[in-house]
Amino acid sequence: DRMIKFGGVSAGEACTIVLRGGTNQMLDEAERSIHDAVAVLSQTVVEPRIVYGGGCSEMLMSKAADEASKLVAGKKSIAMEAFARALRQMPTILADNAGLDSADLVAKLRAAHYDGKSTFGLDLVQGDIVDVAGKVTESFKLKRQVLLSASEAAEMILRVDDIIRCAPRQRRN
């Protein structure tokens, strides 16, 4: 294979990325991936705050929701516990997609967070949990938007369930 390298472009000037692939579908997917990456980078420049990746932030939020659910009584407590379980699905999905034993890794990660190791996340290359501080990060703005979108979707589903469960109106002849 050949590689073409373009150089001599001043910082801050436009750059071109040349893609080459076996099929149009591969090129389209590569283009979408690059577009997504550039969009996240540009948003990170606008909003430079970051969160730790590798499932670390989701596990922290899950722990907080779990602990808060113990202070609330009734159905709200059950909903909060379900939200905490849903947050723990992200590290599970990450481990599954990497072909790792997600049950074991997420159990270790959860134990580490409850043991006070709040900066631990998944190392998907080594297949273990590690301190991800400064190593694996994600855009705060992107993470916030993902959580908002997921919460809104869940709320819409719950509303639809309520509508479906309602008894039909009695018709008058």
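Helices are DSSP runs of H or I with at least four residues, numbered from the N terminus. In the predicted model described here, Thr 44 is found in helix 1, which covers residues 24-46. The relative accessible area of Thr 44 is 21%, and Thr 44 is therefore partly exposed. Between the C-alpha atoms of Thr 44 and Lys 117 there is a separation of 26 Å; these two residues are 73 residues apart along the chain.

The packing of the helices is considered next. Two packed helices are described by the angle between their axes and the distance between the axes. Helix 2 spans residues 56-69 and helix 3 spans residues 75-87. Their axes come within 8 Å and cross at roughly 165 degrees. Angles over 145 degrees count as roughly antiparallel, and helix 2 and helix 3 are therefore roughly antiparallel to each other. The crossing of helix 2 past helix 3 is left-handed. On the side of helix 2, the contact is made by Glu 58, Met 61, Ser 62, Ala 65, Asp 66, Ala 68 and Ser 69. On the side of helix 3, the contact is made by Ser 77, Met 80, Glu 81, Phe 83, Ala 84 and Leu 87.

Two residues of this contact were examined individually. Glu 58, placed in helix 2, has a relative accessible area of 4% and is buried. With residues up to four places away in sequence not counted, Glu 58 touches Leu 87, Met 90, Pro 91 and Lys 143. Phe 83 lies in helix 3 and has a relative accessible area of 40%, so Phe 83 is partly exposed. Apart from neighbours within four places in sequence, Phe 83 is in contact with Ala 65 and Ser 151. Phe 83 and Ala 65 are 18 residues apart in sequence, and the distance between them in space is 7.2 Å, C-alpha to C-alpha.

Helix 3 also packs with helix 4, at an angle of about 25 degrees and with the axes 4 Å apart. Angles under 35 degrees count as roughly parallel, and helix 3 and helix 4 are therefore roughly parallel to each other. Arg 85, Ala 86 and Leu 87 of helix 3 make this contact with Gln 89, Met 90 and Pro 91 of helix 4.

Helix 4, residues 89-97, packs in turn with helix 5. The angle here is about 140 degrees, and the axes are 9 Å apart. Helix 4 is therefore oblique to helix 5. The crossing of helix 4 past helix 5 is right-handed. In helix 4, the residues that meet helix 5 are Pro 91, Thr 92, Ala 95 and Asp 96; their counterparts in helix 5 are Ser 102, Leu 105, Val 106 and Leu 109.

The largest nonpolar core holds 9 residues in all. These are Met 59, Ala 95, Leu 105, Val 106, Leu 109, Ala 112, Phe 120, Leu 122 and Ile 129. Helix 5 supplies the largest share, 4 residues. Val 106, one of the core residues, is in contact with Met 59, Arg 88, Pro 91 and Thr 92 when neighbours within four places in sequence are left aside.

Strand 2 pairs with strand 3, residues 128-131, in the antiparallel sense over 4 bridges. The bridge partner of Gly 121 in strand 3 is Val 130, and Leu 122 stands opposite Ile 129 of strand 3. Both Leu 122 and Ile 129 are part of the largest nonpolar core.

Helix 6 covers residues 140-165 and contains Ala 154. The relative accessible area of Ala 154 is 37%, and Ala 154 is therefore partly exposed. The C-alpha atoms of Ala 154 and Gly 7 are separated by 48 Å, and the two residues lie 147 residues apart along the chain.

Terms used. Residues numbered from 1 in each chain as written. Predicted model: local features only at pLDDT ≥ 70, side-chain atom pairs only at ≥ 80, totals over all residues. Heavy atoms only, no water. Core = buried A, V, L, I, M, F, W, Y, C linked by side-chain atoms within 4.5 Å. Buried < 20%, exposed > 50% of the residue type's maximum accessible area, 1.4 Å probe, protein only. Helix = DSSP H or I, 4+ residues; strand = E, 2+ residues; numbered from the N terminus. Contact = heavy atoms within 4.5 Å. Pairing = 2+ DSSP bridges. Axes fitted to C-alpha atoms, helices over the stretch in contact; angles between N-to-C directions. Parallel < 35°, antiparallel > 145°, perpendicular 65-115°, else oblique. Left-handed = near helix turned anticlockwise from the far one by under 90°.
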